Amino acid sequence: MQTSEAPPVPQSMDEKKKELRTSLLFKLRPIYPFIVILAIWQVAAMQARGNQGRLFPTVDAIVYRAWELVTDPLFRALAENPNLSFLDHIWKLLESPILLHTLNTAWRLPFSFFIAAVVGTIVGIMMGRFAFWESFFVPLLSVLLPIPAIAWTPIVVIWSGIGDQTVIVITAFASFLPIAMAVWTGVKTVNPVWIRAAQSMNADKMTIFRTVVLPGSLPMILSGMRIGLARAWRAGVGAEAFAGIRWGLSAGIFDAQEYLDIAFMMVALGILGLFGFVLEKVLFQPIESRTVIRWGMMEAMGAQDKKV
Amino acid sequence: MVTKISIQNLRKIYDTPERRVHALEGVNLNIEDGEFICLVGLSGCGKTTLLNMLAGFVEITAGTITMDGKPLTQDYDKGVVFQEYALFPWRTARQNVEYGLEIRNVPEEERNRIALEYLRLVRLEDFADFFPHNLSGGMRQRVAVARAMAFDPQILLMDEPFGALDAQTREELQALTVDVWQKTKKTILYVTHNLSEAVYLGNRIVVFVPNPGRIREIVKVDLPRPRDDLAPEFIRLQRHVNDLIRDF
């Protein structure tokens, strides 16, 4: 039995403290590489002189710039009128460019991914269930999948103009393809013994689909969603830059290139990285730990336990 | 005794573009209500094919199977226990047992009660809310037995259900199966290649031989239960079946 729990062993205070300290150090381990990189960066940047220093800012300069980027409009407004209301404080904060860039990326990306997830799941299920749609979509997806979605940008820009819609189309399309493929594979490769078991209890086709095929293919579907999200992220960020829109983190990065604003680029890149991390943590890990991991289906798939 | 299932002149031919396999020929068998029948034979002798036909997984080429005098329909109530672990990993033990009752639209409270009753029958009531991957192999098959019986099927079909288990667990489950059978009076068809298991479990042992798959002999087992697998009569019977399987 894997589930039996060992009774708690009484410990002295010293031992407990030691354990806490080691476990805290242990938990912080993923942060160490970043500290090392930042330290090397800082030392290297401190060697840069004069104009070079502007192109290679120190870590503290970047942090200061980040603070400035966020609070600049607020402080400027406060200088003009020191009696701002609380709500005005918030409004002024939201006027800061970096936050506007972030918010624009933050709604476009999940929105596009959501569209892709819905359409991809529907198409994947159709392919898995009906031979006609399978033979219709498989060749299509196989040809489209290897084309980097970003390469469609010029065409989509010409057709739908510069704006959010172009980025959304590219992003959703990029993430739709792997999701449809994964759902199709998942539906097709459900353990046949489960289906036989359900058949033997006289479940009809629709019931089998709902109660066996869907939960049975969930590990594949989730991994498809994950790949879809990664693709959406890449394509979306690229499309932002190439579609020539004003607001969005990578649009901002390309703008900042014009002004040689390295600090801005670093801050924006940091936020992009953080984004992916947070989406993984708040979206996929909770779903997985409540479903496929709890059911022991990840081990069955041969997947590695995810740490960090 | 009442004849539950009557199998007459049953034939099965698998016709594929590559080859033609004569899986069963001239099978005649009458199974009485409440009987425990074991099907034994070397691989390729058609014993699993017969079981799959009764389960409705495989179509009949020729011949008839009747149950209670009527031809077998696709959707009659049968419980099947598979060799592989066929439990649904996303359902707890209790929810697995409830599955067949859900299909039959049994109300939730009733389902719950019946599921627990059958889990108690296989002595797993304390593990009702465990997911299958937290259960041992033997426990999983016990849940599978409970699941196959919970909707009160007319017959229970078992296809080497304990074949993948270690010897000790296997013996334990054999005793449990006899216990369950005695309590529920179900008609059981049990496929195995383990002759000791067949002699331990069955009222009758149907011995199959291959090419084409057919019945060689039906051996009656009159040993009193619980059976002792080291008793001389037990071993004599086992040897007799062994000879039937191999020398033909």
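Let's start where the two chains meet: 28 residues of chain B are in contact (heavy atoms within 4.5 Å) with 25 residues of chain A. Keep in mind that this is a predicted model, where local features need pLDDT of at least 70, side-chain atom pairs count only at pLDDT 80 or more, and totals for chains, interfaces and linings use all residues. Residues are numbered from 1 along each chain as its sequence is written, chains are lettered from A in the order in which they are written, and side-chain values use heavy atoms, with hydrogens and water left out.

About 2,200 Å² is buried between the two chains, and carbon and sulfur atoms give 65% of that area. Buried area here is the accessible area (1.4 Å probe) that two parts lose on being put together, summed over both. On chain B's part, B:W90, B:Y99 and B:H133 supply 31% of what the chain buries against chain A, more than any other three residues.

What about the helices and strands (DSSP runs: H or I of at least four residues for helices, E of at least two for strands, numbered from the N terminus)? On the side of chain B that touches chain A, β6 (78–81), α2 (93–103) and α4 (137–149) each supply at least two residues. The most comes from α2(B), with 3 residues.

Now take a look at α4(B). Of its 13 residues, 12 are buried, meaning under 20% relative accessible area (1.4 Å probe, protein chains only). Those buried residues pack against α10 (192–200) of chain A, and also against β6, α2, α3 (108–121), β7 (155–159) and α5 (167–184) of chain B.

Key: Buried < 20%, exposed > 50% of the residue type's maximum accessible area, 1.4 Å probe, protein only.
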